[in-house]
Amino acid sequence: MTSTSTLERSAGDRLTAVRWTRAQWMLLLVLCTVLALDALDVSMVGVALPSIGTELHLGTESLQWIVSAYVLGYGSLLLLGGRMADLLGRRRIFLIALSVFAAASLLGGLVDDPALLIATRFIKGLAAAFTAPAAFSIITTNFAEGRERNRALSIFTTFGASGFSLGLVVGGLMTSLSWRWTFLVSVPVAVAVVILGLKYIPRDKTAGQAADGEQQSGHDVWGAITLAAGMLGLVYTLVAAPENGWGSVATIAGFAVSAVVLAAFAVIENRVRHPLIRFSILKEGWVARANLSAVGLFGSYLSFQFILTLYLQSVLGWSPLGMALALLPAGLLVASSAPFADRLIERFGAPRLILTGLAALTLGYVLFLRVGTSPNYMTDILPSVVLLGVGFALAFPSINVQATTGIRDAEQGLAAGLIQTSTQVGAALVLAVTTAMVSGHGNAGAAVDAAAMLEQYRPGLILSAAVAVAALLIAATPRLSRGPRQPGGEPEGVVRNDVDVVQR
């Protein structure tokens, strides 16, 4: 089975059709399934939070840790995971980490102790911190830059966004049986993907040689240690701040220690011959802007979903399945965009689509602020749901394409780790602030009616909208430098004669 996926300029300036083989399609399916599984897991657990809280007798702050433990593991080691995939082998890292993810999912569905449940979430986050950037860089090193890579990345990231959105529905179905199924359903899927991955993921080049043929010698051990310790401390301090207090000694000390360790990491990276992270990568192309956009996109949305899930189920009394079906249009919009995302990026350019997507998200958040204690679904909720679906469908694939365009193969894992770290650290930061604001407006357990609960949650809803506005302003700021081309679009101030121009 083959499919025309791109046009490349040959040595003789002729346009040659490039086709994907069945093996390439299967490779993409394996990698997309894992990203969707990661996103599905986060979304399903979000739906199950009220049921988990009821059965295990957990309050809002404790429930936050079920979400934040995953973010803690994921956000802390994404940069390290991406770079380790570059250096130690993407295939090896991917398969080992996915096996750990499956084992942690099984354990999480069986335990009764809240601490053990949170621990399994942390382990799953650690595993995903290696699978996600490894999968991303396997794509970027097996599909040529240009329309071919844009198409592959569009499908890949759309699977992730679809998994996150459709996870609301799957989570509702699973929670109607038992919240434990939101953990257990991932196990057979992960095992199947490991088996398929052994067959379809290409073996890496010989040890010590980068994907682009450059020699990689020596491992930055101290850089790896300080990066992991610094990120772990930073993300932990962020997610624990609502409980400890933002002005507490523990929070201030946590930020201070994390800053010192990360500063030591920066010093090490500037002195070693083969640094774990080359900081100048942030100056290339659109990397910095893409990462800031990712912070706003995912940070605002995860916090919005956290509040929305608790409000609709705990205050309005909606069932998990009823809530999931109400939010289904957003998931369907994201999932149905997969066949067209690469063509939209090619035609309009990733920067324009990011701007449009963030504008749709912002409008969706603002419209939802009208919701009262007896909302009408068609007029009060559905418009926001549709706008959120449109925003995610446009912005999420475009941000990922923008973040990796122009980066050499040997650093694709690093670029992938950067963009995914931005999404998770953004989620951790905004969710931590949201939880602090909600806690500061009363105790969820003490709220006696829908009006009191709505007022308690409203500051968090406003924060989601404000974060989206900030991301929108960043995306709208004109570039001041003449850098590499826009992903999926033409260059700024530079006339190019490459595939992206020829294709249009």
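Helix H8 (residues 221-244) comprises 24 residues, which at 1.5 Å a residue should span 34 Å, and its end C-alpha atoms, 33 Å apart, agree with this expectation; helices here are DSSP runs of H or I of at least four residues, numbered from the N terminus, and the expected span is 1.5 Å times one less than the number of residues. The model is a predicted one, in which local features need pLDDT of at least 70 and side-chain atom pairs count only at pLDDT 80 or more, whereas totals for chains, interfaces and linings use all residues. Residues are numbered from 1 along each chain as its sequence is written, and side-chain values use heavy atoms, with hydrogens and water left out.

Within H8, a kink of about 35° lies at Leu238, shortly before the proline Pro242, the bend being the angle between axes fitted to the seven residues ending at a residue and the seven starting there. Just after H8, Gly245 takes a positive phi of about 100°.

The second largest pocket holds about 390 Å³ of space, and of the 19 residues lining this pocket, Leu79, Met231, Leu418, Thr421 and Ser422 are the closest to its centre. Two or more lining residues come from each of H8, helix H9 (249-269), helix H10 (287-315) and helix H16 (412-440). On a 1 Å grid over the protein atoms alone, a pocket is an open set of points with protein on both sides within 12 Å along at least five of seven lines, a cavity is a set where a 1.4 Å probe fits but cannot get out, and lining residues have an atom within 4 Å of a point. The lining of the second largest pocket has 16 nonpolar, 3 polar and no charged residues.

Asn291, found in helix H10, is buried, with a relative accessible area of 7%, where buried means under 20% with a 1.4 Å probe and protein chains only. Leaving aside neighbours within four places in sequence, Asn291 is in contact (heavy atoms within 4.5 Å) with Leu418, Ile419 and Ser422.

The structure also holds 9 cavities of 30 Å³ or more. About 310 Å³ of space lies in the largest cavity, which is lined by 24 residues, with Leu35, Tyr74, Phe298, Phe396 and Gln424 nearest its centre. H5 gives the most to this lining, with 5 residues, and by class the lining of the largest cavity has 16 nonpolar, 6 polar and 2 charged residues.

Methods:
Grid points are joined across faces, edges and corners, and a volume is the space filled by probe spheres set on the points. Ala, Val, Leu, Ile, Met, Phe, Trp, Tyr, Cys and Pro count as nonpolar, Asp, Glu, Lys and Arg as charged, and the others, Gly among them, as polar. Buried means under 20% relative accessible area, exposed over 50%, partly exposed in between (1.4 Å probe, protein chains only).
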